[in-house]
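Here's a quick briefing to read with the model open beside you.

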There are 2 protein chains.
Amino acid sequence: MSFGQTFKALSDPARREILTLLKTGRMSAGEIGSHFDMTGATISYHLSILKKADLVHESRYKNYIYYELNTSVVEELMTWLANLTDEKH
Amino acid sequence: MSFGQTFKALSDPARREILTLLKTGRMSAGEIGSHFDMTGATISYHLSILKKADLVHESRYKNYIYYELNTSVVEELMTWLANLTDEKH
DNA sequence: TAACTATTTAGAAAATTTTCTAAATATCTA
DNA sequence: TAGATATTTAGAAAATTTTCTAAATAGTTA
């Protein structure tokens, strides 16, 4: 995991919205896509960026792929940011 | 201030390093630049991105421009991230 | 005032990102 | 097995980002 990759993933509004959707639990790619005015291919692209950044995990059931928020990376990010504010002197 | 702009600012390694340098206090553009293998123009570009994201403030003294970390935006970011992890159910 | 130092701005090239359409893959169900 | 549904992959166009060189701006000092 790299901070650059993670921050870049978070820099896109659609991707932040996807993460917000996933706060309430896991959701299939299609369900996620239905919240946006974008093609499924584009949603798939955004999901791949979030996946590479390890911000989401996927699991398969029937012919659906479910995505779920991975909070541990979010916590690492918070730690990095906190370190920035804490050690000022 | 927009989260997109702020996360984008943080997605570049040079810009994250600049912020890390500024943890110890304010620093002139030239001093910042001396830590990198980039032209002054490029450093100036990165500083402008950080400034637009409100992650740094500038102040002038003689013919130097000093940059200083603005921690309040960092805290807003942490709040946004915390909200992502907290409300999962 | 003239030359000097610090920094930014302008313009352009190269690289990366975002989006689409069309095609491919994979799984399910009748 | 055949057709239907869900999702991804490939390839290409448009937009954005990063970097450089050269020129401009602004304040300093001799």
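Let's start in chain B, where S2(B) and strand S3 (residues 64-69) pair in the antiparallel sense over six bridges. Keep in mind as you look around that this is a predicted model.

- Look along S3(B) and you'll find Glu68(B) as the bridge partner of His57(B).
- H2(B) packs on this sheet and touches S1, S2 and S3 of chain B. The direction of H2(B) makes about 90° with that of S3(B).
- Zooming out, the sheet is an open one of three strands, in the order S1-S3-S2 (chain B), with antiparallel pairing.
- Strand S1 (27-28) and strand S2 (56-61) of chain B sit at the edges with a single partner strand each, so one side of each has no neighbour in the sheet.

**The sheet in chain A**

- Chain A has three strands in an open, antiparallel sheet, ordered S1-S3-S2. Its edge strands are S1 (27-28) and S2 (56-61) of chain A, each pairing on one side only.
- S2(A) and S3(A) are joined by six bridges in the antiparallel sense. One pair to pick out is Val56(A), whose bridge partner in S3(A) is Leu69(A).
- Helix H2 (residues 13-22) of chain A lies across S1, S2 and S3 of chain A and runs at about 90° to S3(A).

**Where the two chains meet**

- The contact involves 24 residues of chain B and 24 residues of chain A.
- On the chain B side, helix H1 (3-10), helix H2 (13-22) and helix H5 (71-86) each supply at least two residues.
- Which helix gives the most to the side of chain B that touches chain A? That's H5(B), with nine residues.
- Sorted by class, this side of chain B has twelve nonpolar, six polar and six charged residues.
- The copies meet through the same surface, because 100% of the interface residues of chain B are also interface residues in chain A.

**The surface near DNA strand D**

- There are 23 residues around DNA strand D, and the ones that come nearest are Ser28(A), Gly30(A), Ala41(A), Ser44(A) and Ala41(B).
- Both chains take part: helix H3 (29-33), helix H4 (40-52) and strand S3 (64-69) of chain A, plus helix H4 (40-52) of chain B, each supply at least two residues.
- The top contributor to this surface is H4(A), with six residues.
- By class, you get eleven nonpolar, nine polar and three charged residues near DNA strand D.

**A closer look at H4(A)**

- H4(A) has 13 residues, which at 1.5 Å a residue should span 18 Å; the end C-alpha atoms are 18 Å apart, so the two agree.
- Just after H4(A) comes Asp54(A), with a positive phi of about 65°.
- If you're tracing which side of a helix faces where, an α-helix has 3.6 residues a turn, so residues three or four places apart point the same way.

Note on methods: Residues are numbered from 1 along each chain as its sequence is written. Chains are lettered from A and ligands numbered from 1 in the order in which they are written. This is a predicted model: local features need pLDDT of at least 70, side-chain atom pairs count only at pLDDT 80 or more; totals for chains, interfaces and linings use all residues. A residue is near a molecule or strand if its C-beta atom, placed from the backbone, lies within 6 Å of it. Helices (H or I, at least four residues) and strands (E, at least two) are DSSP runs, numbered from the N terminus. Ala, Val, Leu, Ile, Met, Phe, Trp, Tyr, Cys and Pro count as nonpolar, Asp, Glu, Lys and Arg as charged, and the others, Gly among them, as polar. The expected span of a helix is 1.5 Å times one less than its number of residues. Two residues are in contact if their C-beta atoms, placed from the backbone, lie within 7 Å. Two strands pair if DSSP finds at least two bridges between them. Axes are lines fitted to C-alpha atoms, for helices over the stretch in contact, and angles run from 0 to 180 degrees between N-to-C directions.
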